[in-house]
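Student: I would like to learn how to read pairing, packing and charge in a model of this kind. Could we go through the features one at a time, with the general idea before the case?

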Amino acid sequence: MNIPFLGARHRKSGAAALPADPEAIAALLSECELLRSQAEQAGFRLDDTPASLEALDQLLPRWRDDAELLPWLGNDAGLYLGTVVVRTVPGASWHLREDGEAVLRLASGREVEVVECGREWASGGVPELSQLYAELSEV
């Protein structure tokens with residue numbers, strides 16, 4: 001997910017400066033409005049916990065019939081997965097690449113393109129979000 005407005009207005013040495021407030025970035029990336037509304041329609045609330053990822057994995061994927069909705073929901077699913085990891089796994093944080101792509105950075109330094117993971121989940125259901133979380137939360 002490219003978020004150009006989050007990067008610095010002026011680049012020095014070709015590198016994008018990170019915003020001064022990582023909490024604000026985390027809050028912005030955690031909105032996932034479309035995914036949250038899908039969950040509410042299914043009768044549950046996303047509470048930014050691993051259990052909510054399990055609940056998402058149980059949703060009937062009605063969005064797969066809507067070519068316009070599918071990529072947006074996939075983006076939200078990836079950002080939500082990242083949100084749960086950032087809020088529950090010590091040392092995990094968001095990182096903005098020079099190209100504006102938001103990726104999850106684990107304490108080990110490993111970067112994970114969670115938006116791509118969310119797109120795969122939205123389009124095919126595999127791997128499950130809860131399974132991805134289990135893999136990312138292992139220390």
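Tutor: Let us begin with strands: two strands pair if DSSP finds at least two bridges between them. Please keep in mind throughout that this is a predicted model.

Student: How many bridges join strand 1 to strand 2, and do the two run parallel or antiparallel?

Tutor: Strand 1 and strand 2 run antiparallel and are joined by 4 bridges; within this pairing, His95 has Val103 in strand 2 as its bridge partner. As a general point, the side chains of a regular strand alternate between the two faces of the sheet.

Student: Which residue takes a positive phi in the hairpin of strand 1 and strand 2?

Tutor: Gly100 does, with a phi near 90°, in a hairpin that has 5 residues between its strands.

Student: Let us turn to charge. How many salt bridges does the structure hold?

Tutor: The general idea is that side chains of opposite charge can pair when their charged atoms come close. The structure holds 6 salt bridges, and one of the salt bridges brings together the side chains of Arg87 and Asp48, at 2.1 Å from N to O. Arg87 lies in helix 4 and Asp48 in the loop between helix 2 and helix 3, so the pair ties together parts that are 39 residues apart in sequence.

Student: Are Arg87 and Asp48 buried or exposed?

Tutor: They have to be read separately, for Arg87 is partly exposed at 42% relative accessibility, whereas Asp48 counts as buried because its relative accessible area is 14%, and buried means under 20%.

Student: Which residues are linked in a network of salt bridges?

Tutor: The network links Arg97, Arg105, Glu111 and Glu113. Within it, the side chains of Arg97 and Glu113 meet at 2.9 Å, N to O, and this pair links distant parts of the chain, with Arg97 in the loop between strand 1 and strand 2 and Glu113 in the loop between strand 3 and helix 5, 16 residues apart. Glu111 forms a salt bridge with Arg105, where the closest N and O atoms are 2.6 Å apart. As for accessibility, Arg97 is partly exposed at 25%, and so are Glu113 at 38%, Glu111 at 32% and Arg105 at 29%.

Student: Which side chain of opposite charge is nearest to Asp76?

Tutor: It is Arg36, 7.6 Å away, and Asp76 is buried yet has no salt bridge; the cut-off for a salt bridge is 4 Å. Asp76, whose place is in helix 4, touches Cys32, Glu33, Leu34 and Leu35, if residues up to four places away in sequence are not counted.

Student: Now packing. Which residues does Gly118 touch?

Tutor: Gly118 is in helix 5 and counts as buried at 0% relative accessibility. Leaving aside residues up to four places away in sequence, Gly118 touches Gly74, Ala77 and Gly78; Gly118 and Gly74 are 44 residues apart in sequence, while their C-alpha atoms are 4.6 Å apart in space.

Student: At what angle do the axes of helix 4 and helix 6 cross, and is the crossing left-handed or right-handed?

Tutor: The axes come within 11 Å and cross at roughly 35°, and the crossing of helix 4 and helix 6 is right-handed. Where the two helices meet, helix 4 contributes Ala77, Leu81, Val84, Val85 and Thr88, and helix 6 contributes Leu129, Leu132, Tyr133 and Leu136.

Terms used: Residues numbered from 1 in each chain as written. Predicted model: local features only at pLDDT ≥ 70, side-chain atom pairs only at ≥ 80, totals over all residues. Heavy atoms only, no water. Buried < 20%, exposed > 50% of the residue type's maximum accessible area, 1.4 Å probe, protein only. Contact = heavy atoms within 4.5 Å. Lys, Arg positive; Asp, Glu negative; His and termini not counted. Axes fitted to C-alpha atoms, helices over the stretch in contact; angles between N-to-C directions. Left-handed = near helix turned anticlockwise from the far one by under 90°.
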